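Here is a short briefing on a two-chain model. Please keep the sequence and the structure at hand while reading.

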Amino acid sequence: MAWKARAWRRRSFLAASAAGAGFSCALLLLAYNPIQDQSALGLTVHAHWPNAAITWELNPSIGPNVDTSGGTSASTAIQTAWSVWKAPYPNGQVLTAIAITQGPNTTLTDPNNADCQNIISFVPSSSVSFPTGVIAFTEVTTHVVSPGETSQCGAVNSTSAPVSFVTDADVVFNPHENFSTATPSPAGDFDVQSVGTHEFGHALGLDHSGLGHAIMFPFGDAGEGQQRNLAVDDVAGMAFLYPNSSFEAATGILSGVIALHGSGVFAAHVVAVDAQTGAVVVDRLTDPDGTFRILGVPPGSYNVFALPLARDSNSGLYVLDNFSGWTCGYGENSSPCCDPATAGCSGKLQNPTGYTGKFY
Amino acid sequence: MRTRGLFLVAVALSWTGRPAHATTLVQLSLEQLSQAASEVICARVVGQETRWNELHTRIVTLTTLAVEQVFKGHAPATTEIEQPGGTIGNMHVHVAGTVRFPPQSRYLLFLEPSRGGPRYLVVGMMQGAFRIYREASSGQERVILPLGALIRGSSAAPIPQGGAMRGPTIPLQEFQRAATVALNAPLLIPRGTVMPVSIQCSDSRGVTRLHVGARTTTEVFPNPGVVIPAGSTVEGSAVRGPAGWSIHWDEISIRGRRVPISATSQMPAGASLAGQMNEVRVR
């Protein structure tokens with residue numbers, strides 16, 4: 001199924017923005033978000049595991065903060081959390097080609113960004129700092145690899161374009177939070193499986209999603225209902241990174257171009273809403289030529305609209321910084337970000353939508 | 001009109017579709033940010049360095065701040081924040097939820113001490129970083145609410161009840177007022193709050209009476225307005241009776257702020273209290 005979206009013109013942008021002016025929660029529809037890097041030529045590349053394969057190792061030690069009474073072992077919860085990312089789509093079809101393998105148990109406790117071992121640890125040492133309110137986090141190491149070159153952990157880029165390989169991903173659970181494997185989690189405890197599923201999404205190459213029902217949504221509370229299964233948004237993100245041969249045949253593609261005065265608009269925010277339920281299903285940013293392709297959309301009818309990104313973070317909520325990798329200034333040697341406060345706009349990606357109106 | 005309709009539908013459903021699932025961050029209210037922070041400052045980003053840690057196992061990014069105003073704590077004039085991740089050469093370490101500080105940008109920050117170091121962490125990752133900017137048209141200084149504070153639009157953000165908040169930014173003065181209220185708000189540990197503690201010390205106050213000090217071992221979120229960070233100190237007195245030690249806990253210190261509590265717990269006789277794990281249940 002392919003659905004051609006209309007090209008929306010600037011008046012649509014303005015109408016959409018104006019309609020959202022009275023809602024504090026407007027423009028919060030940022031969905032699946034691959035981790036991205038920039039090549040030496042400034043090209044954006046999505047980080048992914050070479051050969052669509054990851055092997056993980058669990059440190060089976062747990063502290064007194066992990067309660068397994070009334071539930072499975074922590075190891076089982078972790079295994080199940082990984083398996084969720086291979087689970088069939090709602091229509092019963094497997095859409096991703098990712099191979100996830102459990103390696104031998106490890107005694108490593110802390111992340112190591114360069115050892116090419118992907119560990120999960122409930123017992124990080126005191127040298128790993130968790131700010132208050134952080135339940136767990138994942139450190140994902142990526143390398144941009146030119147054609148013919150080899151990444152740090154031995155993967156060769158056999159394509160003709162630069163790629164970003166994930167070479168290491170380590171997950172640590174906060175030893176100062178209470179976890180449980182029971183169903184449902186007791187009040188005050190976080191569910192090991194749902195937290196693990198979220199973190200493993202990072203390990204596989206996904207950043208946070210702005211869709212509240214997605215597993216990659218960043219926030220939650222202890223003791224509430226668990227989310228252990230993927231949302232369409234999560235499936236689409238994973239299949240985008242690691243599609244199998246049946247992915248495009250089993251699902252639809254929303255594609256089109258966002259144009260302004262006849263020219264494609266880069267980094268416009270395209271949102272697909274289920275026409276029957278009104279649920280926001282998935283969204284993407286447009287490519288530099290204004291085109292977009294939203295993969296992994298279930299069969300159905302959709303309303304699609306587009307919104308501009310703000311030209312800078314002083315003008316609105318979503319800027320390129322919110323899309324991991326399409327940014328600058330994070331590393332010591334990278335260019336400073338475009339910042340009106342310093343009149344320094346030396347970054348390459350400036351005001352990609354060309355939008356100059358007020359942004360709410 | 002069609003666009004408007006679509007947008008309103010999407011907005012309405014994204015609102016009603018509030019998340020209810022535990023993932024990776026606890027969404028912190030302004031009150032909780034204030035309580036968990038040892039320092040609340042207004043500062044400008046003056047430097048950034050990404051480097052390997054001492055063991056050469058992890059990449060960290062250090063951001064140096066010139067402190068302009070202190071609302072809580074005693075932050076030095078030059079303060080350093082540590083976050084995991086960053087870029088060295090062609091190696092990138094991504095940690096979702098961390099803050100990217102543009103050079104020379106100004107922030108109102110809620111910071112807490114890093115364990116075992118002179119640096120600070122941002123409370124709740126990006127939740128504790130509020131960027132300040134001057135609106136070009138009005139000249140007014142405003143604060144950008146972190147993305148996380150808006151997603152729910154609940155009491156977690158300084159958004160007035162009734163929806164007066166109309167966008168992702170608010171005037172700096174308004175935010176400072178809200179932060180001041182939160183910083184000075186009375187702190188009450190709710191009845192029924194349970195805090196796992198590790199007893200650190202016990203000083204004799206007589207043959208059968210001890211002064212007892214303990215530290216909480218886990219973060220506790222009794223309600224959306226209160227957080228008890230791990231490592232908070234709890235004090236009380238222990239009396240030895242025929243059935244063992246009876247401990248009455250009467251005070252907790254959260255980031256140096258002392259709050260009276262009333263709680264009791266029991267420990268077997270004969271055991272040294274120091275080093276024991278216990279559970280403090282507030283009455």
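## Strand pairing in chain B

Ser246(B) has Gln266(B), in strand 18 of chain B, as its bridge partner. The model is a predicted one.

**The barrel of chain B**

- Strands 12-13-16-17-18-19 of chain B form a closed barrel of six strands, with antiparallel pairing.
- From one strand to the next, the twist averages 40 degrees.
- Strand 16 (residues 233-241) of chain B runs antiparallel to strand 17 (residues 244-254) of chain B, and nine bridges join them.
- One of the pairs across these two strands is Ser237(B) with His248(B), the latter in strand 17 of chain B.
- Two residues lie between strand 16 and strand 17 of chain B, which form a hairpin.
- Strand 17 of chain B is joined to strand 18 of chain B by nine bridges, again in the antiparallel sense.
- Strand 17 and strand 18 of chain B also form a hairpin, with two residues between them.
- In the turn of that hairpin, Arg255(B) has a positive phi of about 50 degrees.
- Strand 18 (residues 257-267) of chain B and strand 19 (residues 277-282) of chain B run antiparallel and are joined by two bridges.
- Thr264(B) has Arg281(B), in strand 19 of chain B, as its bridge partner.

**A further hairpin in chain B**

- Strand 9 (residues 129-134) of chain B pairs with strand 10 (residues 141-144) of chain B in the antiparallel sense, over four bridges.
- Opposite Ile132(B) stands Val143(B), in strand 10 of chain B.
- Six residues lie between the strands of this hairpin of strand 9 and strand 10 of chain B.

- Arg191(B) sits in the loop between helix 4 (172-184) and strand 12 (194-204) of chain B.
- Is Arg191(B) buried or exposed? Arg191(B) has 12 other C-beta atoms within 10 Å, so it counts as exposed.
- Apart from neighbours within four places in sequence, Arg191(B) is in contact with Val282(B) and Arg283(B).
- Ala263(B) is 72 residues from Arg191(B) in sequence, and their C-alpha atoms are 9.2 Å apart in space.

**Chain B as a whole**

- Chain B has four helices and 19 strands.
- Of its 283 residues, 46% count as buried.
- Among contacts in chain B with a separation of 6 or more, 54% are between residues 24 or more positions apart.

**Chain A as a whole**

- Chain A has five helices and 19 strands.
- Of its 360 residues, 57% count as buried.
- Residues at least 24 apart account for 70% of the contacts in chain A between residues at least 6 apart in sequence.

**Helix packing in chain A**

- Two packed helices are described by the angle between their axes and the distance between the axes.
- How do helix 2 (residues 74-84) and helix 3 (residues 192-204) of chain A pack, and at what angle? The angle is about 45 degrees, and the axes are 8 Å apart.
- Helix 2 and helix 3 of chain A are therefore oblique to each other.
- The crossing of helix 2 of chain A past helix 3 of chain A is right-handed.
- Helix 2 of chain A makes the contact through Ala74(A), Ala77(A), Ile78(A), Thr80(A), Ala81(A), Trp82(A) and Val84(A).
- Helix 3 of chain A contributes Val192(A), Gln193(A), Gly196(A), Thr197(A) and Phe200(A).
- By class, this contact between helix 2 and helix 3 of chain A has eight nonpolar residues, four polar residues and no charged ones.

**A buried helix in chain A**

- Ten of the ten residues of helix 4 (residues 232-241) of chain A are buried, so this helix is largely enclosed by the rest of the structure.
- The buried residues of helix 4 of chain A include Asp233(A), Asp234(A), Met238(A) and Phe240(A).

**An open sheet in chain A**

- Three strands of chain A form an open sheet in the order 5-10-11, with parallel pairing.
- Strand 5 (66-67) and strand 11 (190-191) of chain A are the edge strands, and each pairs on one side only.
- Strand 10 (residues 179-180) of chain A pairs with strand 11 of chain A in the parallel sense, over two bridges.
- Phe179(A) has Phe190(A), in strand 11 of chain A, as its bridge partner.

Key. Residues are numbered from 1 along each chain as its sequence is written. Chains are lettered from A and ligands numbered from 1 in the order in which they are written. This is a predicted model: local features need pLDDT of at least 70, side-chain atom pairs count only at pLDDT 80 or more; totals for chains, interfaces and linings use all residues. A residue is buried if 20 or more other C-beta atoms lie within 10 Å of its own, exposed if 12 or fewer, and partly exposed in between; C-beta atoms are placed from the backbone. Two residues are in contact if their C-beta atoms, placed from the backbone, lie within 7 Å. Axes are lines fitted to C-alpha atoms, for helices over the stretch in contact, and angles run from 0 to 180 degrees between N-to-C directions. Angles under 35 degrees count as roughly parallel, over 145 as roughly antiparallel, 65 to 115 as roughly perpendicular and the rest as oblique. A crossing is left-handed if the near helix is turned anticlockwise from the far one by less than a right angle, and right-handed if clockwise. Ala, Val, Leu, Ile, Met, Phe, Trp, Tyr, Cys and Pro count as nonpolar, Asp, Glu, Lys and Arg as charged, and the others, Gly among them, as polar. Two strands pair if DSSP finds at least two bridges between them.
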